[in-house]
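I wanted to go through the helix packing and the aromatic rings, and I jotted things down as I went.

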Amino acid sequence: MFAIEKMTEEMRPEVMPMVDAFYHSDAVSHEVEREKLEQTFADAVSADPILEGYVLKEDEHIVGFGYVTVYCACEVGGRCLMFEELYLKEEARGKGYGSRYFEAVMKARPEVKRFRLEVTKSNEGAVRLYQKLGFEFLDYDQMVLDR
């Protein structure tokens, strides 16, 4: 049976190895410091609503995780939700869990006007899933200034 649950601190030992696997896969185009990954997990299980963490379960076993955050974008006139990360263990892929996760999060957020995510084009399986769900590539590049 498949289920989605809010992430909790007690799940850290099961989730962090998946975070490591995600950040050493073709889903990520650059190295990220372990300290930042640990902080992200802490933020996802904190009471601060800036980041929400979810686990995906199959028969009560955690087989994946996802992070989401909400922000405002003037160009769409309201709230946007960014799917920050989604990772499924190899044995959980191809079972429709990714689609079910996206559909559940979107259904739970009727106030959101745009759903957004980032993907490396080399992650072809993810690109196919996202396009199947209706996501389209934007025609502009992002710029960043890290503090």
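This is a predicted model: local features need pLDDT of at least 70, side-chain atom pairs count only at pLDDT 80 or more; totals for chains, interfaces and linings use all residues.

**Helix crossing, then rings**

I started with α3 and α4, whose axes come within 11 Å and cross at roughly 45 degrees. That angle makes α3 oblique to α4 (under 35 degrees is roughly parallel, over 145 roughly antiparallel, 65 to 115 roughly perpendicular, and the rest oblique). The axes here are lines fitted to C-alpha atoms, for helices over the stretch in contact, with angles from 0 to 180 degrees between N-to-C directions. Helices (H or I, at least four residues) and strands (E, at least two) are DSSP runs numbered from the N terminus.

Residues are numbered from 1 along each chain as its sequence is written, and side-chain values use heavy atoms, leaving out hydrogens and water.

Which residues make the contact between α3 and α4? I found G98, S99 and F102 on the α3 side, and L129, Y130 and K132 on the α4 side; contact means heavy atoms within 4.5 Å.

Next I looked up the rings and got 14 aromatic pairs in the structure (Phe, Tyr or Trp rings, the six-membered one for Trp, with centres within 6.5 Å; planes under 30 degrees apart are stacked, over 60 edge-to-face, the rest tilted). Y101 and F102 make an edge-to-face pair, 5.8 Å centre to centre with 70 degrees between the planes. F102 also pairs with Y130: the centres are 5.5 Å apart and the planes at 75 degrees, so this one is edge-to-face too. F102 sits in α3 (residues 97-108) and Y130 in α4 (residues 124-132), so their pair ties together parts 28 residues apart in sequence.

Last, I checked N123, in the loop between β5 (114-117) and α4. N123 is buried, at 16% relative accessible area. Leaving aside neighbours within four places in sequence, N123 is in contact with D26 and A27.

Note on methods:
Buried means under 20% relative accessible area, exposed over 50%, partly exposed in between (1.4 Å probe, protein chains only).
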